[in-house]
Amino acid sequence: MSGLTDLTLKAALDGLASKAFSSEEITRAHIAAIEAARALNAYVLETPEKAIEMARASDARRASGDAGALDGAPLGIKDLFCTEGVRSTACSNIIGNFVPTYESSVTTRLWRAGAVMLGKLNMDEFAMGSSNESSAFGPVTNPWRAKGSNRPLTPGGSSGGSAAAVAADLCLGATATDTGGSIRQPAGFTGTVGIKPTYGRCSRWGIVAFASSLDQAGPIAKTVEDAAILLTSMAGHDVKDSTSLSVDVPDFASFVGKDVKGLRIGIPGEYRLDGLQPEIAALWDQGVAWLKDAGCEIVDISLPHTKYALPAYYIIAPAEASSNLARYDGMRFGRREEGTNLTETYENTRASGFGAEVKRRILIGTYVLSAGYYDAYYLKALKVRRRIAEDFTAAFHKVDAILTPTAPSAAFPIGEKSDDPVAMYLNDVFTVTTNLAGLPGLSLPAGQSSDGLPLGLQLIGRPLDEGTLFSLAGAMEKARGVMARPDRWW
Amino acid sequence: MAIDVATVRKVARLARIAEPEDRLESLASELNGIMAWIEQLSEVNTDGVEPMTSAVEQPLPMRDDVVTEGGDPRLVLANAPKSKDNFFVVPKVVE
């Protein structure tokens with residue numbers, strides 16, 4: 001395969017700027033790589049013609065000295081983002097062959113910066129899942145395999161296609177979204193960098209809604225610097241999203257490489273779960289050592305309500321989902337299954353259109369919002385959510401950022417947890433707290449398991465302080481050295 | 001509090017999802033498993049705590065009540081399962 005797909009986004013942008021190669025050349029290299037990697041099932045829709053058209057337009061802009069921050073860089077787009085004229089399904093049968101007549105605000109920003117779209121990336125249906133197994137298009141296979149094994153592993157979820165595509169060099173970077181860990185856990189499972197920014201940094205307009213008070217878009221990338229470059233172009237105020245924050249977007253890449261000496265790093269005791277795998281604990285200790293060597297001060301902190309975050313999430317997210325997904329009724333778009341009357345048409349449409357996990361969450365959400373249970377469950381969960389947010393506020397009086405593992409394990413085999421919803425939900429135990437509190441969280445590859453699989457560490461920051469996370473992650477990436485890459489078996 | 005088959009039937013009806021009778025038992029057991037795990041929230045003292053409905057502490061922005069986009073039924077209907085004369089066609093609602 002062409003060496004052009006091995007480049008980082010930063011190196012590719014430098015090469016495009018110096019005219020070492022054209023956007024059309026690097027785009028064609030990626031198209032060939034995607035065709036050769038269909039066994040991974042990372043893309044649910046390839047758009048090679050559109051990609052070449054966008055690449056040629058980029059080359060023309062560059063020739064006239066008019067290039068944007070991402071000009072000519074081929075990217076993958078999670079299928080949760082609506083893309084004008086290009087099928088967008090959230091990997092659900094109920095949306096069917098929906099072709100949006102509008103473009104999401106985040107992708108609009110990317111195209112304005114000159115980026116090229118390679119296609120739409122696989123994901124868990126409606127972003128509900130931690131293994132990409134609930135997709136209507138079938139699971140994604142992780143490019144990584146355990147040492148000496150051919151057993152297919154999940155890339156995590158819900159942004160499993162995004163993470164696998166970046167790890168396998170099928171794009172220079174990808175968009176993703178994170179409601180409970182859906183950027184960070186797959187980044188951890190695939191040796192890539194992912195950041196969920198502060199709630200409100202990226203516009204949610206044009207992204208299929210799952211749980212609106214938790215959903216945030218962010219990038220998955222090959223390096224910390226690449227993630228910073230992508231987030232700079234994705235973020236920004238948007239009047240079409242009432243929760244979008246009207247704040248300046250700094251040049252996040254300028255934070256990578258900054259000195260982190262004197263920063264105080266919190267280590268939350270509550271994240272040292274009973275039964276935490278020894279190699280995850282060792283990885284965490286390694287991260288602490290790197291930051292100490294870089295001159296950071298390590299501080300033990302307490303986030304006492306941590307264990308209640310996932311149960312609170314599994315009330316709040318399904319409640320919001322049951323409300324958001326009420327729009328899929330077969331009347332205005334998507335699939336319609338006729339019945340003998342209107343109610344039966346709704347019921348048939350939703351029964352055949354939604355997959356098992358989505359139905360399960362809609363039923364839970366409907367139950368906790370129903371008369372007699374609203375106060376006991378939904379209101380209680382919203383109060384616990386505030387307790388969790390207050391834990392972080394108190395901690396950030398003492399520290400500048402928090403270091404934790406990204407996930408409790410390395411990537412697991414496809415099918416291993418699909419029969420046990422609660423076991424699957426526990427994948428998000430370290431990531432879900434930041435969604436509830438609205439805080440930025442970044443996952444970076446920090447090491448490998450004894451089986452040779454990538455493992456991630458997570459940095460959590462103050463609201464709108466993504467910059468500090470990029471500085472810390474940059475320092476850790478430097479201390480770690482070059483990461484191994486997956487062997488190309490596909 | 002356990003979720004029985006009657007509750008699942010009622011909730012599925014509220015959610016407008018047709019669930020066959022022979023699925024209700026196993027759904028009840030799945031939902032009970034999840035809700036039993038969620039029950040631990042009752043351990044948290046939340047006396048006097050305000051519910052947190054948004055991760056953003058800012059007032060909802062206001063704008064002038066004017067049409068900004070719209071007026072193009074062709075775009076609105078582009079993905080309709082059934083449409084006619086610039087309208088969605090839906091099953092009969094009033095008997």
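# Two chains, one predicted model: a short tour

Hi everyone, let's begin with chain A, which has 15 helices and eleven strands. Helices (H or I, at least four residues) and strands (E, at least two) are DSSP runs, numbered from the N terminus. The radius of gyration of chain A is 21 Å, close to the 23 Å from the globule rule for 490 residues, so chain A is as compact as a globular protein of that length. That radius is taken over C-alpha atoms, and the globule rule is 2.2 Å times the number of residues to the power 0.38.

Two words on the background. This is a predicted model, where local features need pLDDT of at least 70 and side-chain atom pairs count only at pLDDT 80 or more, while totals for chains, interfaces and linings use all residues. Residues are numbered from 1 along each chain as its sequence is written, and chains are lettered from A and ligands numbered from 1 in the order in which they are written.

Back to chain A. Along the principal axes, its C-alpha trace spans about 65 × 55 × 50 Å. Of its 490 residues, 61% count as buried. A residue is buried if 20 or more other C-beta atoms lie within 10 Å of its own, exposed if 12 or fewer, and partly exposed in between, with C-beta atoms placed from the backbone. Contacts tell us about the fold too: two residues are in contact if their C-beta atoms, placed from the backbone, lie within 7 Å. In chain A, residues 24 or more positions apart account for 77% of the contacts with a separation of 6 or more.

Now, the inside. In soluble globular proteins, nonpolar side chains tend to be buried together. Here the largest nonpolar core has 167 residues, and those with the most contacts inside it include A:Ala42 and A:Ile315. A nonpolar core is a set of buried Ala, Val, Leu, Ile, Met, Phe, Trp, Tyr and Cys residues joined through C-beta atoms within 7 Å. Which helix gives the most to this core? That is α9(A), with ten residues.

Have a look at α5(A), residues 160-167. Eight of its eight residues are buried, so α5(A) is largely enclosed by the rest of the structure. Its buried residues are covered by, among others, β1 (43-46), β2 (74-78) and β3 (116-121) of chain A. A:Ala42 touches several residues of this region, including A:Gly161, A:Ala164 and A:Ala165. Just after α5(A), A:Asp169 takes a positive phi of about 60 degrees.

The loop between β3 and α5 of chain A is worth a stop. A:Thr141 is found there, and A:Thr141 is buried, with 23 other C-beta atoms within 10 Å. Leaving aside neighbours within four places in sequence, A:Thr141 is in contact with A:Ala39, A:Leu40, A:Asn41 and A:Pro152. A:Ser158 is in that loop as well, and a cis peptide bond joins A:Gly157 to A:Ser158, with omega at about 10 degrees.

On to chain B. Along the sequence, chain B follows the pattern α-α-α-β-β. A compact globule of 95 residues would have a radius of gyration near 12 Å, but chain B has 22 Å. Of those 95 residues, 16% count as buried. B:Asp85 has a positive phi of about 50 degrees although it is not a glycine. Is B:Asp85 buried or exposed? B:Asp85 is exposed, with 6 other C-beta atoms within 10 Å.

Finally, how do the chains meet? In this model, 37 residues of chain B are in contact with 52 residues of chain A. On the chain B side, α2(B) gives the most, with six residues. The chain B residues that touch chain A divide into 27 nonpolar, six polar and four charged. Here Ala, Val, Leu, Ile, Met, Phe, Trp, Tyr, Cys and Pro count as nonpolar, Asp, Glu, Lys and Arg as charged, and the others, Gly among them, as polar.

Let's finish with one helix pair. The axes of α9(A), residues 309-324, and α2(B) come within 9 Å and cross at roughly 130 degrees. That makes α9(A) oblique to α2(B). Axes are lines fitted to C-alpha atoms, for helices over the stretch in contact, and angles run from 0 to 180 degrees between N-to-C directions. Angles under 35 degrees count as roughly parallel, over 145 as roughly antiparallel, 65 to 115 as roughly perpendicular and the rest as oblique. The contact is made by A:Pro311, A:Tyr314 and A:Ile315 of α9(A) with B:Ile34, B:Trp37 and B:Ile38 of α2(B).
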